[in-house]
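Please examine the model shown below. The questions after it are meant to be read with the structure open.

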Amino acid sequence: MNSFHDVRFPLAISFGATGGPERRNEIVQLVSGREQRNARQALARRYYDAGTGLRSLDDVHTVLAFFEARRGSLHGFRFRDPFDMKSCAPSATPSALDQRVGTGDGATARFALTKTYGDGEDAVLRPVTHPVAETVLVAVNGTEMQTSLDYAVDGETGEVVFQPGATPVDGAVVTAGFEFDVPVRFDMERLSVSLSAFRAGQIPTIPLVEIFA
């Protein structure tokens, strides 16, 4: 990903943020009164407002410094989504069996991490490009593999890379569990904060938008 800084937006502020996925669909009402609906994009795009996570003037200073270091909207960065940050439910602990990420063919050593939403034909497969490497757990046919000995996580792509000799055999089911961040950028060119307004309880808006590789 071009112009991406592999740093995370301050956690204490991100956990107070608001936001979530946006779907863009085109809806046309026909003469009969029925609707024709078409998806304008394959994947949802996530938007957040980190301003709601500010609790003090020190938080404001932290965000100002982070904004400057990213040159505003120029460079992307990691953001911890307070609502969706694991391969499992938010209250659960990731397991190597959480998500099916591929099937071995005896030759493929790299597997992209994904998270599935829904079931059957309606399921949506979300690419996870920025896992938290030290949390990634991998299993092949239900047997948990050992980090470093059997696999590693590619820091550039987020893929699981099996070591020579540990490549999944043909037909083997590869599953994984993990925590992950969302790649985002500031969705603004100017950060405007009023000291008097902040003291009065008005929270400034700090919009963030998901970016894709």
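The model is predicted, so local features are taken at pLDDT of at least 70 and side-chain atom pairs only at pLDDT 80 or more, while totals for chains, interfaces and linings use all residues. Residues are numbered from 1 along each chain as its sequence is written, and side-chain values use heavy atoms, with hydrogens and water left out.

Q: How far apart are the end C-alpha atoms of helix α2?
A: Helices (H or I, at least four residues) and strands (E, at least two) are DSSP runs numbered from the N terminus. Helix α2 covers residues 57–69, which is 13 residues. The expected span of a helix is 1.5 Å times one less than its number of residues.

Q: How far apart in space are Val-63 and Ile-13?
A: Val-63 is found in helix α2 and counts as buried, at 1% relative accessibility. Val-63 and Ile-13 are 50 residues apart in sequence. From C-alpha to C-alpha, their separation in space is 8.7 Å.

Q: What phi does Arg-71 take, and is the residue buried or exposed?
A: Arg-71 is found in the loop between α2 and β6. Most residues other than glycine have a negative phi. Arg-71 is not a glycine, yet its phi is positive, at about 55°. With a relative accessible area of 56%, Arg-71 is exposed.

Q: Which residue in β17 is the bridge partner of Phe-186?
A: Two strands pair if DSSP finds at least two bridges between them. Strand β16 (residues 182–186) is largely enclosed by the rest of the structure, because four of its five residues are buried. Three bridges join β16 to the antiparallel strand β17 (residues 207–210). In β17, the partner of Phe-186 is Leu-208.

Q: Which residue in β16 is the bridge partner of Phe-79?
A: Strand β6 (residues 76–79) runs antiparallel to β16, and three bridges join them. In β16, Phe-79 has as its bridge partner Val-182.

Q: Which strands stand at the edges of the open sheet of four strands?
A: The order of this sheet is β7-β15-β11-β12, with antiparallel pairing. Each edge strand pairs on one side only. These edge strands are β7 (99–103) and β12 (143–144).

Q: Which residue in β12 is the bridge partner of Val-140?
A: Strand β11 (residues 137–140) and β12 pair in the antiparallel sense over two bridges. The loop between them holds Asn-141, which has a positive phi of about 55° although it is not a glycine. In β12, Val-140 is partnered by Thr-143.

Q: What distance separates the C-alpha atoms of Gly-104 and Asp-170?
A: Gly-104 has its place in the loop between β7 and β8 (110–111). Gly-104 is buried, with a relative accessible area of 2%. Asp-170 is 66 residues away along the chain, and the C-alpha separation is 4.8 Å.

Q: Which strand provides the largest share of the lining of the second largest pocket?
A: A pocket is an open set of points on a 1 Å grid over the protein atoms alone, where a 1.4 Å probe fits, with protein on both sides within 12 Å along at least five of seven lines; lining residues have an atom within 4 Å of a point. The second largest pocket holds about 280 Å³ of space. Of its 19 lining residues, the closest to its centre are Ala-44, Arg-46, Arg-126, Pro-127 and Glu-210. The largest share of the lining, three residues, comes from strand β10 (residues 124–127).

Methods. Grid points are joined across faces, edges and corners, and a volume is the space filled by probe spheres set on the points. Buried means under 20% relative accessible area, exposed over 50%, partly exposed in between (1.4 Å probe, protein chains only).
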